[in-house]
Amino acid sequence: MIQAHQLKGIPASPGFAVGPAVVLVIRERRPVKRMIGENEIPYEWNKFQAALDQARLELSELVRRLEEGGNAEQASIMEGQLYLIDDPEIVQGVSDRIQNERVSADFAVYETFGEVVKTLALIEDEYIRERIADLQDVKNRLLEQITGETDKAAALLTRPSILLAHDITPSMTAQLNKELVMGFVTEVGSRTSHTSIMARTFGIPAVVGCGEFLAGWSDGETVIVDGETGEVFQNPSEQQLAEYAKKQEAYARSKEELQAFKDIPAETIDGKRFGMYGNIGTPAEAAAVLESGGEGIGLFRSEFLFMDRAAMPSEEEQYAAYRAVLETMSGKPVIVRTLDVGGDKEIPYLPIGSEFNPFLGWRAIRYCLSDTALFKVQLRALLRASAHGDLRIMFPMISGEQEILDAKRLLDEARSELEAEGIAAAAGMPIGIMIEVPSAALVSDRLARHVDFFSIGTNDLIQYTLAADRMNEKVSYLYDSQHLAVLRLIRMVCENARKFNVHVGMCGEMAGDPQLVEILIGLGVEEFSMSAEQIPLVKKSVRSLSEEAARIRMTQTLE
Amino acid sequence: MVNHKVTVLNQMGLHTRPVKEIVKTAGGFRSEILIKRETKTANAKSFVSTIALGAARGTELLLTAEGEDEEQALREIVELFENKFGED
């Protein structure tokens with residue numbers, strides 16, 4: 001046995017997997033130039049035609065499967081590739097090369113696509129350059145057909161395995177039989193990259209961002225993936241195997257136990273019901289919220305649509321994303337938070353620049369109210385999407401009344417524009433704000449006049465209230481979610497919400513902590529929004545408590 | 001042969017979706033349909049050729065159509081541009 005390697009990456013999807021490795025190495029296909037005789041022309045041409053037919057068939061089938069699976073986003077990417085297959089310029093280019101230059105079909109395809117890619121690479125437009133990836137995908141598909149060498153990704157998995165790859169692309173995801181994937185380990189990626197989101201969506205343990213490692217691993221070796229710590233072990237010892245068998249068993253047991261909470265309400269022993277919602281960053285994550293028994297989306301962080309790209313998403317693209325979430329949630333409420341940029345969230349193509357004090361600087365609603373063109377695109381997309389479900393808009397980083405009035409005025413403008421164009425938006429869409437700045441909490445009685453709901457963002461509320469950066473080791477000890485000042489502010493917000501009849505929820509990290517549920521119920525929080533995997537845990541906690549007792553205890557604590 | 005000048009009016013320019021619409025519409029006609037931008041000429045029935053024009057909002061283009069159904073072909077393509085591809 002080869003000496004065992006051990007990797008440490010980013011735990012991207014929880015759970016443990018033990019199984020045989022499949023190492024996915026994708027090399028660029030580079031056919032050699034082969035000259036053909038005149039008599040071979042019809043043969044090579046037919047090979048190309050047959051490859052086109054087969055590729056068209058495969059892609060149509062793939063699109064159909066993705067659509068049936070409710071995966072509209074990926075279906076539309078693959079559908080775009082169908083246009084490339086029937087492109088007359090590409091067919092002409094390949095034909096010229098076979099007939100006139102007398103080269104074999106595979107080389108003709110390689111050269112023709114190479115030329116097109118070169119032209120597109122010169123265009124200074126990221127949206128257009130994105131098509132290059134599609135061209136490479138189609139080229140590889142055709143070359144596969146012509147040469148008969150199937151790409152490993154397609155026919156890859158014949159038994160349950162752990163997939164080790166540089167990265168998992170959308171077209172690979174579309175081909176994979178997820179039933180056979182026990183775990184993912186990748187060289188690149190972060191918690192928000194495609195692989196991670198997909199793994200969480202399908203409940204497959206994953207570790208990403210391990211750095212370069214594929215060269216030292218082979219197919220069939222036993223691998224352990226620890227989705228909790230981010231560790232990956234090659235050829236583990238008997239002792240490690242036994243240890244992980246136990247962990248897997250415990251994990252499965254607790255998951256099963258929590259599954260029992262999926263369809264029962266989050267109701268206290270004295271009969272008070274609380275709302276359980278999910279936080280998401282991309283449309284694909286919405287399904288996991290439903291799976292965990294979530295009653296809606298309490299926070300859709302729309303900034304993820306704007307990150308990891310070179311230009312802002314168009315109105316169409318945003319509309320499609322919001323609509324996809326609403327359709328997945330089929331009538332359940334979906335709260336979309338408008339672009340929350342700045343602070344620690346950088347979007348390189350926005351002119352925010354580096355600030356001396358970014359958390360107190362030009363961020364979130366402050367930025368959006370000054371870049372009204374960008375903000376309007378988002379508001380229009382949201383209004384258009386609102387026709388497809390129960391959409392609610394939430395503005396982040398509100399510090400006082402004027403910002404709400406300004407944001408609502410822009411929303412009204414966007415609505416009138418759409419009306420003038422004859423486009424429908426839902427009437428009376430609920431509007432809410434994040435309460436994450438202490439000033440907003442202190443004047444929440446005034447703010448309540450202008451909105452339908454509050455959502456308390458604890459991460460920022462705590463750091464602003466205590467003036468402590470929790471990422472700064474020297475002062476992080478001051479960052480205390482249970483500081484009396486924080487608890488009093490939360491209670492004040494909840495009391496004002498009740499008095500002025502607006503809903504009050506919480507979507508910060510505190511809301512997903514089962515240990516804090518009693519405190520939050522005691523303070524008057526009515527709705528909890530958290531990552532999907534926390535929902536059953538928090539629900540379990542709610543069901544063990546008495547609301548009345550929690551309130552009495554909290555009143556005593558706050559004295 | 002018939003021709004017509006158009007300006008790209010939609011916000012995003014000739015990106016993926018508008019080009020698909022052009023290709024789809026052009027593909028329904030027998031005529032040869034070309035889109036010219038300065039020195040570049042694209043075949044309106046080809047996705048890669050049309051998208052390679054890299055035409056952003058505000059770009060002026062010359063459309064030409066030649067063939068038995070040239071009048072209607074040109075009219076329908078011009079209409080796509082004028083309706084901003086249903087975008088804005």
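Of the contacts in chain A with a separation of 6 or more, 67% join residues 24 or more positions apart, a contact being heavy atoms within 4.5 Å. The model is predicted, so local features need pLDDT of at least 70 and side-chain atom pairs count only at pLDDT 80 or more, whereas totals for chains, interfaces and linings use all residues. Residues are numbered from 1 along each chain as its sequence is written, chains are lettered from A and ligands numbered from 1 in the order in which they are written, and side-chain values use heavy atoms, with hydrogens and water left out.

Chain A contains 22 helices and 17 strands; these are DSSP runs numbered from the N terminus, helices being H or I with at least four residues and strands E with at least two. Of its 559 residues, 51% are buried, where buried means under 20% relative accessible area, exposed over 50%, and partly exposed in between, with a 1.4 Å probe and protein chains only. The accessible surface of chain A comes to about 25200 Å², and carbon and sulfur atoms contribute 50% of this area, computed by the Shrake-Rupley method with a 1.4 Å probe.

Eight strands of chain A form an open sheet with mixed pairing, in the order S1-S8-S7-S3-S4-S5-S6-S2; two strands pair if DSSP finds at least two bridges between them. Strands S1 (6-8) and S2 (10-13) of chain A stand at the edges with a single partner strand each, so one side of each has no neighbour in the sheet. On average, neighbouring strands of this sheet are turned by 30 degrees against each other, direction ignored. Within the sheet, strand S5 (residues 181-186) and strand S6 (residues 206-208) of chain A pair in the parallel sense over two bridges, and A:Val185 has A:Val207 in S6(A) as its bridge partner. Helix H10 (residues 238-259) of chain A packs on the sheet, where it touches strands S3 (16-24), S7 (222-226) and S8 (231-234) of chain A, and its direction makes about 115 degrees with that of S3(A). Such angles run from 0 to 180 degrees between N-to-C directions, the axes being lines fitted to C-alpha atoms, for helices over the stretch in contact.

Aromatic side chains provide a further view of the structure. Over all chains, 12 aromatic pairs are found; rings of Phe, Tyr and Trp (its six-membered ring) pair if their centres lie within 6.5 Å, with planes under 30 degrees apart counted as stacked, over 60 as edge-to-face and the rest as tilted. The ring centres of A:Phe300 and A:Tyr322 are 6.0 Å apart and their planes stand at 75 degrees, so this pair is edge-to-face. Because A:Phe300 lies in strand S11 (residues 297-301) and A:Tyr322 in helix H12 (residues 315-329) of chain A, the pair ties together parts that are 22 residues apart in sequence. Both A:Phe300 and A:Tyr322 are buried. In chain B, the rings of B:Phe81 and B:Phe85 have centres 5.1 Å apart and planes at 65 degrees, so they too are edge-to-face; B:Phe81 and B:Phe85 are both buried. A:Phe16, A:Phe233, A:Tyr244 and A:Tyr251 form one aromatic cluster.

Two loop residues of chain A remain to be described. A:Met397, in the loop between strand S13 (390-395) and helix H15 (401-420) of chain A, has a positive phi of about 60 degrees although it is not a glycine, and at 1% relative accessibility A:Met397 counts as buried. A:Asn501, in the loop between helix H19 (484-499) and strand S16 (503-506) of chain A, also has a positive phi of about 60 degrees without being a glycine, but A:Asn501 is exposed, with a relative accessible area of 72%.
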